[in-house]
Amino acid sequence: MNLRTGRGLLQRRSFLGGGLAVSAAALGDLAIAAPAAPLAVRLPDSMKTLGGADLPYGQPAVHEQAVQRVAHPSAPQTAGFAIWRSPLQQQRGIITPSGLHFSVHHNGLPDIAPQRHELMIHGLVKRPLRFDMERLMRYPMVSRIHFLECAGNSAANALSPTATNQTLGDIAGEVSCSEWTGVPLSYLLNEAGLQDSAKWVVAEGADGGSHARSLPLSALLKDAFVALYQNGERLRPSQGYPMRLFMPGWEGNVNVKWLHRLEVTDQPAYTKDESGLYTQVLANGQIERFAFHMDVKSVITHPSGLQTLPEPKGFFEIAGLAWSGYGRVAKVEVSVDGGATWALAQLHGPVLDRAFTRFTLPWRWDGRRATLLSRATDEFGRSQPTRAEWKRKYAMQSFHHYNALQAWRVGTDGRVENVYA
Ligand SMILES: Nc1nc2c(c(=O)[nH]1)N[C@H]1C(S)=C(S)[C@@H](COP(=O)(O)O)O[C@H]1N2
Ligand SMILES: [Mo]
């Protein structure tokens with residue numbers, strides 16, 4: 001049963017679950033009109049020739065080569081700081097293809113041979129330990145589907161006084177979601193034996209920037225694991241091959257890639273990364289540090305920035321992704337009138353803890369200018385601020401943890417652009 005709400009949004013009475021989401025009546029005229037005469041069978045050329053060869057490691061269709069990560073540094077191919085953003089506007093479904101997972105490297109990609117790589121655990125432990133890959137691979141492993149988001153995702157929206165006209169991936173593509181498989185950190189820490197004074201763990205990567213973060217021990221014992229697999233295969237080099245720390249729902253930079261050292265301590269190390277890069281100034285002048293959780297957030301992927309709706313009006317499915325670093329997404333609301341009225345989107349299962357959740361809402365566009373927004377709320381009632389609300393909390397130049405509502409303006413010509421609403 002569809003409920004018609006403001007401006008052509010077709011809201012269902014049941015918002016979660018399987019079955020066909022959209023009634024046939026809502027779709028109506030999408031198919032290419034069939035003529036009254038019977039359709040003649042057209043034999044495709046591909047049925048008249050031999051098929052081509054397949055590859056030992058599969059690749060996307062050649063016609064999909066435009067679907068790529070986009071680099072945002074001055075010299076992406078060299079060592080040094082690089083951000084590769086994921087083309088979220090092309091993603092349908094909750095798992096980001098491994099080759100399209102976003103990436104942030106502070107000092108390029110290290111070249112690590114797994115046979116020589118070791119993980120060391122030392123500091124306030126009873127028995128310092130060293131694991132080579134072979135030994136680590138023998139431990140019991142868990143598999144978890146989780147998003148990963150850079151604290152600096154959507155920085156342009158946070159900083160730029162006027163909205164930049166870019167794709168969703170270029171604006172907010174520093175987030176992805178994968179199935180991660182690895183060894184719970186508690187197994188390794190307990191084997192090393194924690195001393196009574198142990199409170200923090202400093203994790204260090206084996207890259208040239210010696211990226212390092214301090215993390216509270218109690219949270220790590222509950223949730224962290226050493227990830228070895230990503231979407232069923234060994235980690236990609238971009239994601240920290242041969243191993244990375246994974247801490248569900250926490251800001252990207254604590255998920256130390258190319259992990260080689262864990263030092264148990266009684267206090268944070270205040271590494272250059274945590275005291276320099278990842279603290280930020282609040283509007284009241286106070287400094288916010290160790291802001292680990294990524295907050296609830298959502299983006300409409302279809303339609304989104306620089307896309308053009310193919311017809312000036314008619315049926316479209318609004319689709320997007322929502323996530324929260326605290327738990328599950330409870331609901332997503334969508335507006336097509338800049339936030340004046342809202343309708344509940346359908347959530348597509350599985351709705352997982354600290355993972356992408358897909359949402360959709362059918363929309364019959366009337367051809368008038370529309371401002372699209374999505375607003376996610378998680379199971380703890382946390383919801384997204386407007387941009388103005390977010391800006392009131394932080395100092396002018398702060399940009400980490402930006403989770404304000406993302407707005408898209410659909411023009412009468414069908415063109416979609418980034419706006420602040
Ligand atoms: N060793 C190391 N770990 C690192 C980084 C790095 O530069 N070196 N970048 C961090 C940052 S800032 C982010 S957002 C995440 C990104 O993970 P991804 O590249 O797998 O998406 O890795 C984090 N872990
Ligand atoms: Mo990051």
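This is a guided tour of the structure above, stop by stop, with what to select and what is found there.

**Before starting**

The model is a predicted one, in which local features need pLDDT of at least 70 and side-chain atom pairs count only at pLDDT 80 or more, while totals for chains, interfaces and linings use all residues. Residues are numbered from 1 along each chain as its sequence is written, chains are lettered from A and ligands numbered from 1 in the order in which they are written, and side-chain values use heavy atoms, with hydrogens and water left out.

**Stop 1: ligand 1 and its shell**

Select ligand 1 and then the residues near it, where near means that a heavy atom of the residue lies within 4 Å of the molecule. This shell holds 21 residues, and the closest are Phe102, His106, Asp207, Arg244 and Lys257. By type the shell divides into seven nonpolar, 11 polar and three charged residues; here Ala, Val, Leu, Ile, Met, Phe, Trp, Tyr, Cys and Pro count as nonpolar, Asp, Glu, Lys and Arg as charged, and the others, Gly among them, as polar. Now highlight strand 5 (residues 103-105), which gives the most to the shell, with three residues; helices (H or I, at least four residues) and strands (E, at least two) are DSSP runs numbered from the N terminus.

Taken alone, ligand 1 exposes 530 Å², and the protein buries 100% of that; accessible areas come from the Shrake-Rupley method with a 1.4 Å probe, and for residues only the protein chains shown count as cover.

Ligand 1 sits in the largest cavity. A cavity is a set of points, on a 1 Å grid over the protein atoms alone, where a 1.4 Å probe fits but cannot get out, and a molecule sits in one if more than half of its atoms lie within 2 Å of its grid points.

**Stop 2: His101**

Select His101, in the loop between strand 4 (82-85) and strand 5. At 1% relative accessibility His101 counts as buried, a term that means under 20% relative accessible area, with exposed meaning over 50% and partly exposed in between (1.4 Å probe, protein chains only). A polar contact of 3.1 Å joins the side chains of His101 and Gln239; such a contact is a pair of N or O atoms within 3.5 Å, and within protein one must be able to donate a hydrogen and the other to accept it, residues adjacent in sequence counting only if both atoms are side-chain atoms.

**Stop 3: backbone exceptions**

Most residues other than glycine have a negative phi, and most peptide bonds are trans. Select Ser210, which has a positive phi of about 35° although it is not a glycine, in the loop between strand 10 (200-205) and strand 11 (212-216). Ser210 is partly exposed at 34% relative accessibility. Trp258, also not a glycine, has a positive phi of about 50° and is found in the loop between strand 14 (244-246) and strand 15 (259-265), but Trp258 counts as buried, at 2%.

Two cis peptide bonds can be inspected next. One joins His302 and Pro303, with omega about -5°, and Pro303 lies in the loop between strand 18 (297-302) and strand 19. Another joins Gly349 and Pro350, with omega about 0°, and Pro350 has its place in the loop between strand 22 (346-348) and strand 23 (357-365).

**Stop 4: buried strand residues**

Select Ala322 in strand 19 (residues 314-323), which is buried with a relative accessible area of 0%. Ala322 and Thr357 are 35 residues apart in sequence and 5.2 Å apart in space, C-alpha to C-alpha. Val332, in strand 20 (residues 329-335), is buried at 0% relative accessibility, and its C-alpha is 4.3 Å from that of Ala376, although Val332 and Ala376 are 44 residues apart in sequence. Finish at Thr377 in strand 24 (residues 370-378), buried with a relative accessible area of 11%, where the side chain of Thr377 makes a polar contact with the side chain of Ser383 (3.3 Å).

Definitions and conventions
1 Å grid on protein atoms, 1.4 Å probe; cavity = no way out; pocket = protein on both sides within 12 Å on 5 of 7 lines; lining within 4 Å.
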